[in-house]
Amino acid sequence: MPKVLMKGNEAIGEAAIRAGCLNYFAYPITPQSEVAEYLVRRMPEVGGVFLQGESEVAVGYMLFGAAGAGARVFTTSSSPGISLMSEAISYIAGAQCPAVFVNIVRGGPGLGGILPSQGDYFQATKGIGHGDCRMLVMAPASVQEAVEMVMKAFPLAEKYRNPVMVLGDGLIGQMMEPVEFPDHLKSEPTNKDAWSTNGMDHRNSKKRNIVKSLFLDPALLNDNNLQLKAKYDQMRSDEVMFEAYNTDSEYKGLVVSFGTMSRVCRTAIDLMKADGIEIAMIRPKTLFPFPEKAVADASKKPTCTHIISVEMNMGQMVEDVDLSVKGHLPVSWYGKCGGEIPTPEEIIDVVKSRIA
Amino acid sequence: MEPELTGIVIVVGAYGSGKTEVSINLAAHMHSLGTAVRLADLDLVNPYFRTRDARNTLEHLGIEVILPPASYMYADLPILTPKVSGLLRNPAGLALLDVGGDDVGATVLAALADSLKGKQVEVLMVVNPNRPHTDTIKGCLKMRNEIEDKAKLSITGIVGNANVMAETTTKDILEGYDFCRKVAGNGKLPLVFITATTELLTRLDKKAIQCPILSIRRQLTTPWEEAEPLGR
């Protein structure tokens, strides 16, 4: 297929179809509404369903229902909408069902603003729902990577029977870039007999499935959460993704940055390199699991004096960077929010002043 | 050959076809020819990458940009400033209207029907064949009908804006030109002009192209790219 020019939101919609997901439930919110606008045209062409819920609360439970019935399902929303879905996300995680959530993040807290932000890092990686629930979170830095991550999200959600999120800042949804789509994947989860409640007739297993997150017996709840913990531990060992940039150089400082913010940092690093200043970057592609080892290893470069987490928020990922570096080098944050995005020049000034 | 347009020019097209980039560059081009240019941002549907983002550059050149009131600049609200009707009443020089995408974006034009009544108006539909929904002639003509239906206006010409951003080649421009000529022919409309970046123009075989070409200096860039200086 030739390259087409697509807005991130449109590409995310097409990627879900290519991944064999024919069930899309959503509620419009800026800056992700184009996913629904795209899929309202596209889903009928492929025999799929787009249903607009009456609210994000309803949408979250529509996903739970479809997932419980063994269907590939996804939704897209933006920050306040994800907050409304967080109850359902916790139920889905508790009941061990797969579902894919895309958050095209806008500024917060509250209604905030409609411009790009990375202010939902904490929510996505640490506070997505009540109870001992977590989800795998991937953060694309380009429209092409958003396509790849959305396509990867479905098999990952099914492998772990757990919600998976693709977390893009508003720019990922709104900017246009050339994209290519890989071929269609299989349209049905291969392991759905393990959880789905779609009748015993077509099933190999004789085990009765019940989709629920209620475990009144403390031993059973403890047991369920031990199963969840084992999955999250496996994610930590098997699913970490990151990109290392300029780490072969004798760098004086290390930048950690994700999403489109990392592309501004890359420009700043290239400009500094041309000026004779070597700076490296670790770009987490998974935010949970966080690439702790990659950051720790990169921080041990003998020439490195300082680590800076550059974010479109008031300092969230910096806590994970700090936990990874474990105090052996100074770690600091730089960032802006509300749609203000640090420029390459600002980043250069900050980096230069801190590595000095 | 470069395009020359004056009077009321309304730029419509599919979502993401490049209306705003075309409008900004057309405004700067006509301004450089000595025409008084006013550009109105009528994009009520798109939250990012709007004319308002290039406001400072345009105003620095001396081009008046008509926008919603400053306090609503970052709102995703359908605000139509009354200054637009004023612009249409007195369209001296070039009065350029950059409209939002698809039929949804063009709906705003129906609200201006009274101000447009009896006026000579050019309504140009921007086509990028590398975009979904307008990659076939049938798709382009469907888009035309949908826009005309909601805008209560007839499209009077096609603008060819074939590109895949930074990855565009001269081959894309030539193939896009052929495609847009067919769209125009099928729709019994003139192909008013096509576009190419200033960099591609230096390498393009211009003899193969029988219509004006607007050179594009990209203004609606991401925070890690630099806009090309506008004006000459």
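Q: How many bridges join strand β6 (residues 157-160) of chain B to strand β7 (residues 191-197) of chain B?
A: This is a predicted model. In it, β6(B) and β7(B) run parallel. One pair to look at is B:Ile158, which sits opposite B:Leu191 in β7(B). The number of bridges joining β6(B) to β7(B) is three.

Q: Which strands of chain B stand at the edges, each with a single partner strand?
A: The open sheet here has eight strands, paired parallel, in the order β3-β2-β4-β1-β5-β6-β7-β8 (chain B). An edge strand has a single partner, so one of its sides is left without a neighbour in the sheet. In chain B, that describes β3 (64-66) and β8 (213-216).

Q: What angle does the direction of helix α1 (residues 19-32) of chain B make with that of β4(B)?
A: α1(B) packs on the sheet and touches β1 (7-13), β2 (37-42), β4 (94-99), β5 (121-127), β6, β7 and β8 of chain B. Its direction makes an angle with that of β4(B) of about 170°.

Q: At what angle to β4(B) does helix α4 (residues 102-111) of chain B run?
A: Start with what α4(B) lies across: β1, β2 and β4 of chain B. Relative to β4(B), α4(B) runs at about 135°.

Q: Which strands of chain A stand at the edges, each with a single partner strand?
A: Chain A has an open sheet of five strands with mixed pairing, in the order β9-β11-β10-β13-β14. Strands with a single partner are left with one side lacking a neighbour in the sheet, so look at the edges: β9 and β14 (331-335) of chain A.

Q: What angle does the direction of α10(A) make with that of β11(A)?
A: α10(A) packs on the sheet, where it touches β9, β10, β11 and β13 of chain A. Compared with the direction of β11(A), that of α10(A) makes an angle of about 170°.

Q: Within what arc do the buried residues of α10(A) fall, seen down its axis?
A: The buried residues are A:Ala294, A:Val295, A:Ala298 and A:Ser299. They line one face of the helix, because looking down the axis of α10(A) they fall within an arc of 130°.

Q: At what angle do the axes of helix α10 (residues 292-299) of chain A and helix α11 (residues 317-325) of chain A cross?
A: On the α10(A) side, A:Glu292, A:Val295, A:Ala296 and A:Ser299 meet A:Val321, A:Ser324 and A:Val325 in α11(A). By class, this contact has four nonpolar, two polar and one charged residues. The crossing is right-handed. The axes come within 8 Å, and they cross at roughly 65°.

Q: How many nonpolar residues does the side of chain A that touches chain B have?
A: The contact takes 25 residues from chain A and 17 residues from chain B. On the chain A side, the elements giving two or more residues are β1 (4-7), α7 (170-174), β8 (176-179) and α9 (261-274) of chain A. By class, that side has six polar residues, six charged ones, and a nonpolar count of 13.

Q: What is omega near for the peptide bond from A:Thr30 to A:Pro31?
A: Most peptide bonds are trans. A:Pro31 sits in the loop between β2 (23-26) and α2 (33-45) of chain A. The bond from A:Thr30 to A:Pro31 is cis, with omega near 5°.

Q: Is B:His133 buried, exposed or partly exposed?
A: B:His133 has a positive phi, near 75°, and lies in the loop between β5 and α6 (137-151) of chain B. Buried would take 20 or more C-beta neighbours, and exposed 12 or fewer. With 18 inside 10 Å, B:His133 counts as partly exposed.

Definitions and conventions. Residues numbered from 1 in each chain as written. Chains lettered and ligands numbered in written order. Predicted model: local features only at pLDDT ≥ 70, side-chain atom pairs only at ≥ 80, totals over all residues. Axes fitted to C-alpha atoms, helices over the stretch in contact; angles between N-to-C directions. Helix = DSSP H or I, 4+ residues; strand = E, 2+ residues; numbered from the N terminus. Left-handed = near helix turned anticlockwise from the far one by under 90°. Contact = placed C-beta atoms within 7 Å. Nonpolar A, V, L, I, M, F, W, Y, C, P; charged D, E, K, R; others polar. Arc of directions from axis to C-beta. Pairing = 2+ DSSP bridges.
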